[in-house]
Amino acid sequence: MKKTLALTALVLFCFACDRNEEARVAPQTLPKQHNAQLSRKSAPADWDYEHTTFAKTGSLKHKGKNQSPINIVTKKTILKPLPAINFQYSALELTEVNTGHTVEVEETGDNGIEINDSTYSFKQLHFHAHSEHAVDGQYRAMELHLVHQNELTGKRVVLGVFIEPGAPNPLFQQVLDHLPATANEPVETHLLFQLADWLPASKEYYTYAGSLTTEPFSEGLDWYVFKEPIRLSPDQINAFVAKFHHNARPLQHLVGRKVFEQQGNTIQ
Ligand SMILES: [Zn+2]
């Protein structure tokens, strides 16, 4: 795992979500509408992802072969014993940044995860709408990303949590209520919350080797995408979409990669 320790890896937390000019679509209508795109080699030609052309973001034109996000085809995942993620999450104060492309909740405590005998510090979480990953060709309304990094190697691990419509989420409501009006100016609320409250009850996951989903699309990070979603109310989803509509990167090709699936309560 200690490959190239690029200095840039230490500073490029480029998971700030990006947006395009696609018209805003109600989340409930997204899966069918976007399903048609999955069988195509690329997203629509007018895709504009963070001021790049789609050609630069599509994996066929991009140099990388381990790009994210991907469509997870459940019939093709490889079931194998996989370690549980050991969460060392605790309370932290809600500090958030409106990046202009998403809202980020920043680390203010000492949180992290341990997996495969490596530890990764929590750095920030943020949201995409619709989801970036798809499962069997279906997008979800939104996706939460919890970004972690190993302090020694710089290697990143991102946990992906699907979000689907359901009951209101009090924690997300706090995020909405304190959304900074000014971009890139952190707002400290001093409200305490539990980082674990962003996670689904089941911690079963899919995992694969991927990349950042924003430029520079750096590879060499591990994705853990939970099977079970968390819920936000339709109003909460719509409130986010109204501010940050469609900041999801198009699906990328697997290019021979395997997607592994954890099943059962597997403990290392
Ligand atoms: Zn993200």
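**Helix α5**

The face of α5 turned away from its buried side carries the exposed residues D235 and A242 (exposed: 12 or fewer other C-beta atoms within 10 Å of the residue's own; buried: 20 or more; partly exposed: in between; C-beta atoms are placed from the backbone). The model is predicted: local features need pLDDT of at least 70 and side-chain atom pairs count only at pLDDT 80 or more, whereas totals for chains, interfaces and linings use all residues. Residue numbers start from 1 along each chain as its sequence is written.

Helix α5 spans residues 234–243, and its buried residues are Q236, I237, F240 and V241 (helices, H or I, of at least four residues and strands, E, of at least two are DSSP runs numbered from the N terminus). These residues line one face of the helix, because they fall within an arc of 135° seen down the axis of α5 (the arc is that of the directions from the helix axis to the C-beta atoms). Their cover includes strands β9 (118–129), β12 (142–149), β13 and β17 (230–232), together with helix α4 (170–177).

**The largest nonpolar core**

The largest nonpolar core has 44 residues, of which A129, M142 and I163 touch the most other members (a core is a set of buried Ala, Val, Leu, Ile, Met, Phe, Trp, Tyr and Cys residues joined through C-beta atoms within 7 Å). Strand β13 (residues 156–165) gives the most to this core, contributing six residues.

Leaving aside residues up to four places away in sequence, M142 touches F127, H128, A129, H130, S131, I163, L232, I237 and F240 (contact: C-beta atoms, placed from the backbone, within 7 Å).

**A three-stranded sheet**

Three strands form an open sheet in the order β3-β10-β11, with mixed pairing (two strands pair if DSSP finds at least two bridges between them). Strands β3 (71–72) and β11 (138–139) stand at the edges with a single partner strand each, so one side of each lacks a neighbour in the sheet.

Strand β10 (residues 134–135) runs antiparallel to β11 and is joined to it by two bridges. V135 has Q138 of β11 as its bridge partner.

Definitions and conventions:
Two residues are in contact if their C-beta atoms, placed from the backbone, lie within 7 Å.
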